[in-house]
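Subject: Structure handover

Hello,

Here is the structure I promised to pass on. Please have it open while you read the notes below.

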Amino acid sequence: MSEGARDTANVAGDVQGERQLLRELVAYLRNRREPLREEWARRITSEELLGVMTAEEVFDEVTAVYENYVDALETGSFEALQAYARNLSERIVPRGVETDEVLGVVLLLRDVLARALFEEYQGNPSKLNAILDAYEPAANRIAVTVSVSFVQERERVIRQQQESIRELSTPVLQVRDRLLILPIIGVLDSQRARQLTEQLLHAIQTSRAQVVVIDVTGVATIDVTVANHLVQTVEAARLMGANAIMTGLSSEIAQTLVDLDVDLGVMRTVGDLQGGLEEAERLIASWPGAPPTRDAEGTPAE
Amino acid sequence: MSVAILRQGEYLIASVQSDLTDREVVDVRDELSRRVGAERIRGIVIDVSVLDVIDSFVARALRAVAATAALRGAETVVAGIRPQVAIAMVHFQLDLAPLRSALDLDEALALLDALASGGGGHGG
Amino acid sequence: MADEVRIPIKSGADLVPARAQARGAAIELGFTQTDATLIATAVSEIARNIVVHAGRGEIRIRSISELGRRGLRVVAEDRGPGIPDLDAAAGFAALAPRAGLGLGLPGARRLMDEFEVTSAPDRGTTITMCKWRARSPLERLDDGWRPG
């Protein structure tokens with residue numbers, strides 16, 4: 001057929017032609033599913049993607065994704081693919097799969113299939129062009145769909161984890177008998193400070209701690225309200241018989257506390273966590289108990 | 001009786017059994033002060049684990065007992081302050097000095113033992 | 001909870017039920033155990049204040065709500081001679097720290113969110129204090145709040 005005649009024929013039967021091409025494409029991809037899947041899996045491994053998954057897991061996912069992929073090409077509907085991608089993301093996000101891995105894997109499939117199509121139709125350049133024209137937009141849309149689902153799931157999980165960390169999990173660590181560590185990380189507002197205080201005091205009760213190390217290395221700044229909360233926490237711990245050591249005060253925070261005229265009298269402060277733990281060990285070894293509220297020397301206050 | 005006072009060796013252990021009226025607080029305070037004067041007492045433990053409120057009146061009574069005991073060379077330890085009560089006391093700025101605090105009765109007795117044997121600075 | 005809980009204060013013995021009822025009302029309103037303890041402690045102080053200054057009086061506890069937040073208001077009222085040396089302008093700094101007289105009030109104020117005292121020799125003393133409750137996550141969701 002001459003160039004002009006082909007163009008005319010295409011314009012006339014464009015939609016029909018495209019559907020026909022897609023059907024042919026899909027049939028081809030289904031016929032060749034096994035070797036193409038293998039090729040894909042092989043390249044995933046050689047590019048060191050999905051390292052957290054076993055070979056069997058990769059094979060299972062590859063099989064399922066391939067089928068969904070081809071179905072999406074065939075139906076032009078991405079809902080099933082989206083649902084699968086969400087489901088897949090729910091499973092692999094907790095395993096630590098990264099966004100760039102997922103993107104890489106999807107683009108690899110697109111690449112593997114494009115190459116296969118090229119090899120299959122290279123003897124017929126006009127047909128190859130037509131098939132690729134039909135394939136490319138669909139393949140790109142699939143890549144975007146899968147990646148976006150993954151990213152959304154990842155963000156949802158991160159938000160949920162942040163919420164859990166804030167509200168449910170206790171950050172109080174028991175490293176050995178009688179000793180608790182409370183590492184405080186991030187922004188410390190009044191409400192969180194109250195929560196931490198309650199969690200710490202309950203932990204003192206449950207673990208019968210004699211010394212509590214409060215590490216504020218991870219806290220950038222605190223205001224007067226929070227500073228007072230910290231002091232109150234230390235004092236409350238002492239009422240329950242536990243000594244508190246504060247570690248990791250940055251020079252900024254130390255300066256803030258001085259500027260705010262916060263009474264640090266009840267609190268021992270040590271530079272870093274390691275030093276604080278050593279001080280804690282010394283305290284435990286030379287126990288008896290928390291000294292009276294005001295005077296660390298033990299002489300009665302007025 | 002709302003407070004049971006027992007003698008264990010050279011220690012007096014006062015266990016609060018229920019929320020106390022001011023009258024009962026005063027009675028306990030006076031009883032402990034009397035006994036630390038009359039008997040050979042080296043330490044007093046006041047177990048308040050039952051109390052869900054410790055207000056200024058109770059705090060003042062505790063301090064009075066500790067002051068009287070100190071005059072006789074005895075240490076006073078308050079045991080079993082609940083977490084919420086500790087928080088309330090700190091917000092209130094209730095000071096218990098010179099009393100020491102212990103988590104519970106066992107810890108309080110261990111503390112008195114350590115103090116009695118010249119504890120503090122045992123080295124580590 | 002009933003609209004209002006009334007606790008008559010006739011003697012020192014009434015402080016025990018006053019504390020318990022204040023705590024109960026706070027818990028029923030959704031306050032945390034810690035906040036309920038703060039409230040009960042503050043009520044203990046103002047109830048004692050009634051006994052010490054007037055001999056008898058009343059404590060009223062009711063739930064309040066404003067701008068979508070909920071809280072608790074406690075009113076302690078007596079017809080006694082008024083609190084001596086109470087200088088409203090100077091606040092409690094002017095209170096002479098005599099044993100048993102008004103010592104607990106500055107502390108009670110620290111425990112609550114709002115605190116007001118009116119006292120006059122011919123009218124007795126009225127102490128009004130409020131504490132607001134932090135909104136629970138469920139309530140925040142109702143507002144359309146979303147984790148940020």
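Two strands count as paired if DSSP finds at least two bridges between them. Helices (H or I, at least four residues) and strands (E, at least two) are DSSP runs, numbered from the N terminus.

This is a predicted model, so to speak of local features I need pLDDT of at least 70, side-chain atom pairs count only at pLDDT 80 or more, and totals for chains, interfaces and linings use all residues. Residues are numbered from 1 along each chain as its sequence is written, while chains are lettered from A and ligands numbered from 1 in the order in which they are written.

Chain C

Five strands of chain C make an open sheet in the order β1-β2-β3-β5-β4, with antiparallel pairing. β1(C) and β4(C) (114-120) stand at the edges with a single partner strand each, so one side of each has no neighbour in the sheet. Neighbouring strands are turned by 15° against each other on average, direction ignored. Such angles run from 0 to 180 degrees between N-to-C directions, and axes are lines fitted to C-alpha atoms, for helices over the stretch in contact.

Now the pairs. Strand β1(C) (residues 4-9) is joined to β2(C) (residues 57-66) by six bridges. There, C:Val5 stands opposite C:Ile61. β2(C) and β3(C) (residues 69-78) share 10 bridges and run antiparallel. C:Arg60 stands opposite C:Val75 in β3(C). These two strands form a hairpin with two residues between them, and C:Leu67 in the turn has a positive phi of about 50°. Eight bridges pair β3(C) with β5(C) (residues 124-132), in the antiparallel sense. C:Leu72 has C:Lys131 in β5(C) as its bridge partner.

Two helices pack on this sheet. Helix α1(C) (residues 15-28) touches β1, β2 and β3 of chain C, and its direction makes about 170° with that of β1(C). Helix α2(C) (residues 33-53) touches β1, β2, β3 and β5 of chain C, at about 15° to the direction of β3(C).

Chain B

Chain B also has an open sheet of five strands, in the order β1-β2-β3-β4-β5, with mixed pairing. Its edges are β1(B) (3-8) and β5(B) (100-102), each with a single partner strand. The twist averages 20° from one strand to the next. β2(B) (residues 11-16) and β3(B) (residues 43-47) run parallel, joined by five bridges. B:Tyr11 has B:Gly43 as its bridge partner in β3(B). Helix α2(B) (residues 56-71) lies across β3(B) and β4(B) (75-79), at about 155° to β4(B).

The mean pLDDT (the predictor's confidence in each residue, from 0 to 100) of chain B is 91, and 94% of its residues reach 70 or more.

Chain A

Helices α3(A) (residues 33-46) and α4(A) (residues 55-75) pack at about 130°, with axes 10 Å apart. They are therefore oblique to each other. That label covers what is left after angles under 35 degrees (roughly parallel), over 145 (roughly antiparallel) and 65 to 115 (roughly perpendicular). Residues of α3(A) including A:Trp40 and A:Ile44 meet residues of α4(A), among them A:Phe59 and A:Tyr66.

Chain A averages a pLDDT of 81, and 84% of the residues score at least 70. Among its elements, helix α1(A) (residues 3-12) has the lowest mean pLDDT (54) and α3(A) the highest (92). Where pLDDT is low, the predicted coordinates should not be read in detail.

Best wishes

Notes:
Contact = placed C-beta atoms within 7 Å.
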